Amino acid sequence: MKIPIDRQSGQALYLQIRDRLKHLIQSGVMPPGHQLPSIRGLADAIQVNKLTVIEAYGMLEADGLIQARPGSGYFVSQPPSASPSLEPTFAPAQSVIIPEHPCGSFCKFYNGFTEANRHPDRIDFGFGVPQPPEDLSRIARRAMTDVGDRLFHYNQPQGQLMLRQQIAQQLIQLGLEVSADDLIITTGSQQGLFLAIHHFVRPGDWVVVESPTYAGTLAVLDTLGARVIGIPMTAEGMNLELLEQYLKSHRPRLIFTISTFHNPTGITTTQAHRQQLVALAKQYECPILEDNAYEGLNFEPVPPPIKAFDREGWVTYLGTFSKTLMPGLRVGYIVTNRQNHQTLLSRKLLYDLHSSTVSQAIVSEYLASGHYRRHINRLRATHLQSRNAMLQAMEKHFPEEATWTVPQGGLFLWVQFPECVSIPALCRDAIAQNVAIFDSSVFFPGQKGYPALRLSFLHSAEDIERGAIVLGNLLKRSLHPSRNIQRKAVA
Ligand SMILES: Cc1ncc(COP(=O)(O)O)c(C=O)c1O
């Protein structure tokens with residue numbers, strides 16, 4: 001393949017390669033399915049470093065123009081068939097939930113998740129974990145050889161300095177003013193959640209959460225004996241008018257929020273919403289716990305985290321590598337202000353002394369390898385295609401009464417149904433046809449929400465289509481039983 005390279009022009013070589021390949025793809029010279037030269041082959045042919053080609057391919061991949069097939073190389077992507085509607089239809093009733101009793105269903109929910117992993121033939125819309133990078137095990141081996149024996153000793157509770165510096169660097173790029181000293185490495189962000197909630201909240205205190213929200217947070221609040229106020233989500237995020245009313249009347253001790261690719265709805269709040277939330281926290285002196293577990297998995301630019309708008313230390317921030325690298329590594333982190341730092345660190349020390357040094361070294365080595373950005377770009381491109389496939393399949397097969405969110409990233413979208421749909425019955429009937437969904441009431445405080453499903457779109461287009469047909473038919477049957485009876489009578 002000929003790619004004219006002009007070494008005198010001011011344009012970086014990888015951009016020249018990207019532009020030329022883009023032109024060849026868009027003009028049809030390289031049609032869908034066409035195999036690109038191998039990285040080494042192209043680097044040799046045009047006399048550039050392999051990293052230059054890797055960078056160019058990474059950008060084309062992020063734009064969805066090419067796709068890597070593990071073990072086979074890079075291919076020009078198939079064009080998306082028809083573009084789905086990107087207008088969210090989600091507009092639920094705005095009722096605040098204050099549950100009287102804890103529900104304690106998180107363990108059942110989590111065990112269901114690990115159990116689902118053991119049924120490879122099932123289409124599992126209930127849960128989603130991204131593909132780990134192919135080169136992770138090679139990099140893990142390298143981490144073990146490089147750092148050797150040091151990995152197996154007791155370590156400091158705040159975590160390894162090198163990793164904290166790398167994370168701080170990433171966060172600075174997101175707009176946060178942080179240094180390695182503001183960070184504590186945690187055993188997944190679940191531990192960060194636990195430590196922060198136990199730091200800010202005492203039994204009997206009021207805590208605000210979005211309704212629906214991450215079930216793991218509700219479980220921590222329940223076991224602590226906190227009293228929960230579930231402020232409803234709108235299509236733009238937590239209803240701030242209702243939030244203010246409850247900040248005034250109940251004086252909560254903490255606001256928990258997932259600002260970007262919210263779990264379970266997939267909603268990302270605007271910059272204005274984030275700024276308003278920080279202003280309310282300040283006005284009512286109520287700290288915010290911002291959980292940004294899905295950071296990095298965006299299809300389009302998203303506003304900086306809420307913590308970036310916090311000049312006075314009201315926001316404690318949680319991050320993790322579970323959604324971008326591997327959940328089994330259990331590496332997360334917490335960013336807080338100096339005032340809370342020492343107490344959180346002591347709590348962390350008492351809890352587990354420190355997070356696994358082996359896992360920290362693997363993440364650190366992966367970040368240092370420079371492959372992280374390429375891996376994330378790949379995830380973004382494939383997830384965008386699957387999100388679109390899911391939207392299209394729902395448009396085609398779901399009844400018109402269903403309404404849904406259109407996430408700008410992350411792993412899930414959220415579908416709401418009329419009150420008459422029984423989600424437990426839907427789960428039972430779907431599993432009988434090898435499609436797994438789970439009862440999304442676990443995401444509501446006290447399990448008191450409306451009928452809805454969180455659907456993971458991390459599946460092939462074929463599986464999404466097949467699963468959506470099954471769910472669509474079941475939903476139509478449950479919404480319009482008489483039509484089915486009539487059809488049977490005609491038959
Ligand atoms: C919003 C949110 N926070 C925290 C977690 C916990 O993640 P981990 O402990 O693996 O970092 C999850 C896991 O699904 C999540 O969705």
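Predicted model: local features only at pLDDT ≥ 70, side-chain atom pairs only at ≥ 80, totals over all residues.
Biologist: How do β12 and β13 pair, and over how many bridges?
Modeller: β12 and β13 pair in the antiparallel sense, over two bridges. Strands here are DSSP runs of E with at least two residues, helices are runs of H or I with at least four, and both are numbered from the N terminus. Two strands pair if DSSP finds at least two bridges between them.

Biologist: Is β13 buried or exposed?
Modeller: Five of its five residues are buried, so β13 is largely enclosed by the rest of the structure. Buried means that 20 or more other C-beta atoms lie within 10 Å of the residue's own; 12 or fewer is exposed, in between is partly exposed, and C-beta atoms are placed from the backbone.

Biologist: Which residues sit on which side?
Modeller: Phe412, Trp414 and Gln416 are on one side, with Leu413 and Val415 on the other, and all are buried. In a regular strand the side chains alternate between the two faces of the sheet.

Biologist: Where is Leu411?
Modeller: Leu411 is in the loop between β12 (403-404) and β13 (412-416). Leu411 counts as buried because it has 26 C-beta neighbours inside 10 Å.

Biologist: What does Leu411 touch?
Modeller: Leaving out residues up to four places away in sequence, Leu411 touches Gly128, Pro130, Tyr294, Leu297, Ser456 and Leu458. Contact means that the C-beta atoms, placed from the backbone, lie within 7 Å. Pro130 is 281 residues from Leu411 along the chain, yet their C-alpha atoms are separated by 8.0 Å.

Biologist: Changing topic: which residues come nearest to the ligand?
Modeller: Gly188, Ser189, Gln190, Thr320 and Ser322, out of 13 residues around the ligand. A residue is near if its C-beta atom, placed from the backbone, lies within 6 Å of the molecule. Helix α7 (residues 188-200) supplies the largest share of that shell, three residues.

Biologist: And the open sheet, what is its strand order?
Modeller: The order of its eight strands is β4-β11-β10-β9-β8-β5-β6-β7, with mixed pairing. β4 (183-187) and β7 (237-238) stand at the edges with a single partner strand each, so one side of each has no neighbour in the sheet. Strand β6 (residues 227-234) is joined to β7 by two bridges, and the two run antiparallel. Thr234 stands opposite Gly237 there.

Biologist: What are the domains?
Modeller: The chain is divided into domain 1 (13-76), domain 2 (106-131 + 374-490) and domain 3 (136-369). Those bounds come from an automatic or database domain assignment. The C-alpha centres of domain 1 and domain 2 lie 35 Å apart. Their contact takes six residues from domain 1 and seven from domain 2. On the domain 1 side, helix α3 (residues 50-62) gives the most, with four residues.

Biologist: How many helices and strands in the whole chain?
Modeller: The protein chain has 16 helices and 15 strands. Buried residues make up 45% of its 491 residues.

Notes. Residues numbered from 1 in each chain as written. Contact = placed C-beta atoms within 7 Å.
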